[in-house]
Amino acid sequence: MIQVYLLSVFYLVFSALLLLVDSYRRRLSFMLKAKSRIREDVRKLNIYFLSGIAISLLLLFLPMKPGPVIAGDLLPSLLILGMAFFFRLLYSERNRDRSDAYLSGRKQKIKRLGFICLYAAAIHFLFPSIILL
């Protein structure tokens with residue numbers, strides 16, 4: 001299904017930009033407002049989290065043709081699911097102090113994770129018929 005495919009690419013790119021905004025603050029300044037809204041507003045965080053789970057499940061069961069019906073695009077689906085849970089745990093209200101400490105100590109790993117999401121989104125977008133298992 002093409003709609004799920006495009007939503008999955010958008011979700012991966014958006015998540016990658018949220019991860020990379022701290023490292024590339026000047027170049028990604030347009031993402032600062034989105035990051036602060038997701039971080040401060042619990043409702044928007046819940047929408048982001050639930051949409052990630054829905055997109056991940058739909059991508060597994062409705063892959064692009066000629067993908068297998070059950071496995072679908074496994075790598076993008078797992079990355080979307082991981083990003084949904086990562087941001088949910090990181091930006092939750094009660095973990096605010098721990099999340100700031102976590103982010104400050106692991107900038108390099110978070111930067112790598114952002115680039116992994118960008119690469120997966122690029123491969124997923126440029127080659128839709130390739131099965132990413």
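1. Of the 133 residues in the protein, 40% are buried, a word that here stands for under 20% relative accessible area, with exposed meaning over 50% and partly exposed in between (1.4 Å probe, protein chains only). This is a predicted model, in which local features need pLDDT of at least 70 and side-chain atom pairs count only at pLDDT 80 or more, while totals for chains, interfaces and linings use all residues. Residues are numbered from 1 along each chain as its sequence is written, and side-chain values use heavy atoms, with hydrogens and water left out.

2. The protein has 6 helices and 0 strands, and from the N terminus its elements follow the order α-α-α-α-α-α; helices (H or I, at least four residues) and strands (E, at least two) are DSSP runs, numbered from the N terminus. Of the contacts between residues at least 6 apart in sequence, 71% join residues at least 24 apart, a contact being heavy atoms within 4.5 Å.

3. Helix H3 (residues 42–61) packs against helix H4 (residues 74–90) at an angle of about 165°, and their axes are 8 Å apart. That makes H3 roughly antiparallel to H4, since angles under 35 degrees count as roughly parallel, over 145 as roughly antiparallel, 65 to 115 as roughly perpendicular and the rest as oblique. Axes are lines fitted to C-alpha atoms, for helices over the stretch in contact, and angles run from 0 to 180 degrees between N-to-C directions.

4. The crossing of H3 with H4 is left-handed, a term used if the near helix is turned anticlockwise from the far one by less than a right angle, and right-handed if clockwise. Residues making this contact include Tyr48, Phe49, Gly52 and Ile53 of H3, together with Ile80, Leu81, Ala84 and Phe85 of H4. By class, the contact of H3 with H4 comprises 14 nonpolar, 4 polar and 1 charged residues, where Ala, Val, Leu, Ile, Met, Phe, Trp, Tyr, Cys and Pro count as nonpolar, Asp, Glu, Lys and Arg as charged, and the others, Gly among them, as polar.

5. Ala84 lies in helix H4 and is buried, its relative accessible area being 0%. Not counting residues up to four places away in sequence, Ala84 touches Tyr11, Phe49, Gly52 and Ile53. Ala84 and Tyr48 are 36 residues apart in sequence, yet 7.0 Å apart in space, C-alpha to C-alpha.

6. Helix H1 (residues 2–20) and H3 pack at an angle of about 135°, with 10 Å between their axes, and H1 and H3 are therefore oblique to each other. Their crossing is left-handed, and the contact involves Val4, Leu7, Ser8, Tyr11, Phe14, Ser15 and Leu18 of H1 with Tyr48, Ser51, Gly52, Ile55, Leu58 and Leu59 of H3. The residues of this contact of H1 with H3 are 9 nonpolar and 4 polar, with no charged ones.

7. Ser8 belongs to helix H1 and is buried, with a relative accessible area of 0%. Apart from neighbours within four places in sequence, Ser8 is in contact with Ile55, Leu59, Ile80 and His124. Between Ser8 and Ile55, which are 47 residues apart along the chain, the C-alpha separation is 6.3 Å.
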